[in-house]
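Please look over the sequence and the model below before reading on.

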Amino acid sequence: MGGGVVKAVIGDAVITFLWVFCASTLGIFTSIIATALGVDGGLTSSLLITTVLVSILVFLFNWIGDALGGASFNPTGNASFYAAGLGSDNLFSLAFRFPAQALGALGGTLAIIQVVPPHYKHMLGGPSLKVDLHTGAIAEGVLTFIISFAVLFIVLRGPDNPLVKTWMLSISTVALVVAGSGYTGPSMNPANAFGWAYINNRHNTWEQFYVYWICPFIGAILAAWVFRALFPPPTKQKKA
């Protein structure tokens with residue numbers, strides 16, 4: 001395993017640990033801020049607060065990922081960029097990065113459970129299947145397809161302003177979380193799903209593998225292929 005792969009593996013484990021730890025508190029901080037502003041219980045205000053918090057996290061983690069040499073906290077993100085022919089990953093590097101992300105997510109899950117005050121613990125929890133197995137699998141695949149395509153489009157074809165890009169990514173994420181809340185949670189991130197599934201002793205079930213790993217990867221790869229078909233990379237002109 002080369003030095004570049006080792007650096008990527010370590011970076012992925014670290015950033016996924018931090019992402020799961022921080023993202024798990026979004027519900028808690030949304031509730032605290034809404035209560036402080038006197039708008040607790042309002043759906044629109046809660047969604048707005050959550051979107052702002054997600055924007056802050058995305059902006060911060062983009063910076064952390066760059067500082068760690070391109071670290072990523074979502075295996076489907078790596079898969080979609082690889083399938084789109086972008087980045088420096090290959091199947092060998094991905095085979096090491098995915099387990100590192102899963103382990104980082106598990107560490108973040110264990111850590112947040114330990115540090116959150118007892119009266120907020122009921123607000124913690126990962127994605128869970130709320131419909132039948134195949135409906136959930138389709139939902140998770142479709143949601144991951146949409147977010148993967150949105151990320152590719154916003155990052156590669158979106159506005160140049162990084163703040164506007166961050167806001168667009170955040171709105172897309174929150175909208176899909178709301179849309180999928182009655183189906184699978186949702187996760188759209190196999191590593192995050194694994195961390196919480198391990199805590200609940202569901203990590204080695206067919207449900208976890210099928211709904212939260214297989215279908216999201218299919219969705220992410222299909223999104224990359226559709227993106228490449230709609231926005232083919234420029235062909236290099238051969239010099240005479």
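Asn200 is partly exposed, with a relative accessible area of 42%, where buried means under 20% relative accessible area, exposed means over 50%, and partly exposed covers what lies in between, calculated with a 1.4 Å probe on protein chains only. This is a predicted model, in which local features need pLDDT of at least 70 and side-chain atom pairs count only at pLDDT 80 or more, while totals for chains, interfaces and linings use all residues. Residues are numbered from 1 along each chain as its sequence is written, and side-chain values use heavy atoms, with hydrogens and water left out.

Asn200 belongs to the loop between H8 and H9, and here helices (H or I, at least four residues) and strands (E, at least two) are DSSP runs, numbered from the N terminus. Although Asn200 and Gly125 are 75 residues apart in sequence, their C-alpha atoms are 9.6 Å apart in space. In the loop between H8 and H9 one also finds Asn201, which has a positive phi of about 60° although it is not a glycine. Asn201 counts as exposed, because its relative accessibility is 56%.

The axes of helix H8 (residues 190-199) and helix H9 (residues 206-230) come within 10 Å and cross at roughly 170°, where axes are lines fitted to C-alpha atoms, for helices over the stretch in contact, and angles run from 0 to 180 degrees between N-to-C directions. That makes H8 roughly antiparallel to H9, since angles under 35 degrees count as roughly parallel, those over 145 as roughly antiparallel, those from 65 to 115 as roughly perpendicular, and the rest as oblique. On the H8 side the contact (heavy atoms within 4.5 Å) is made by Pro190, Ala191, Ala193, Phe194 and Ala197, and on the H9 side by Gln208, Tyr212, Trp213, Pro216 and Phe217. The residues of this contact of H8 with H9 divide into nine nonpolar, one polar and no charged, where Ala, Val, Leu, Ile, Met, Phe, Trp, Tyr, Cys and Pro count as nonpolar, Asp, Glu, Lys and Arg as charged, and the others, Gly among them, as polar.

Gln208, which lies in helix H9, counts as buried because its relative accessibility is 3%. Leaving out residues up to four places away in sequence, Gln208 touches Pro190, Ala193, Phe194, Ala197, Arg202, His203 and Trp213.

The peptide bond from Gly185 to Pro186 is cis, with omega near -15°. Met188 has its place in the loop between H7 and H8 as well, and its phi is near 60°, a positive value in a residue other than glycine. With a relative accessible area of 5%, Met188 is buried.

Helix H3 (residues 43-67) has 25 residues and reaches 36 Å from its first C-alpha to its last, close to the 36 Å expected at 1.5 Å a residue, the expected span of a helix being 1.5 Å times one less than its number of residues. Among the buried residues of H3 are Ser46, Ile49, Leu57, Phe61 and Ile64, and the buried residues of this helix pack against helix H1 (3-23), helix H2 (26-37) and H7. Just after H3, Gly69 takes a positive phi of about 80°.

How do H1 and H3 lie relative to each other, and at what angle do they pack? Their axes are 11 Å apart and the angle is about 170°, and H1 and H3 are therefore roughly antiparallel to each other. In this pairing Ile15, Leu18, Trp19, Cys22 and Ala23 of H1 meet Leu57, Phe61, Ile64 and Gly65 of H3, and by class the contact has eight nonpolar, one polar and no charged residues.

Cys22 is partly exposed, with a relative accessible area of 24%, whereas Cys215 is buried, at 12%. A disulfide is a covalent bond between the sulfur atoms of two cysteines. When a disulfide is taken as a pair of cysteine sulfur atoms within 2.5 Å, the count comes to zero.

Finally, Ala79 lies in helix H4 (residues 75-83) and counts as buried, at 7% relative accessibility. Not counting residues up to four places away in sequence, Ala79 touches Phe98, Phe217 and Ile221.
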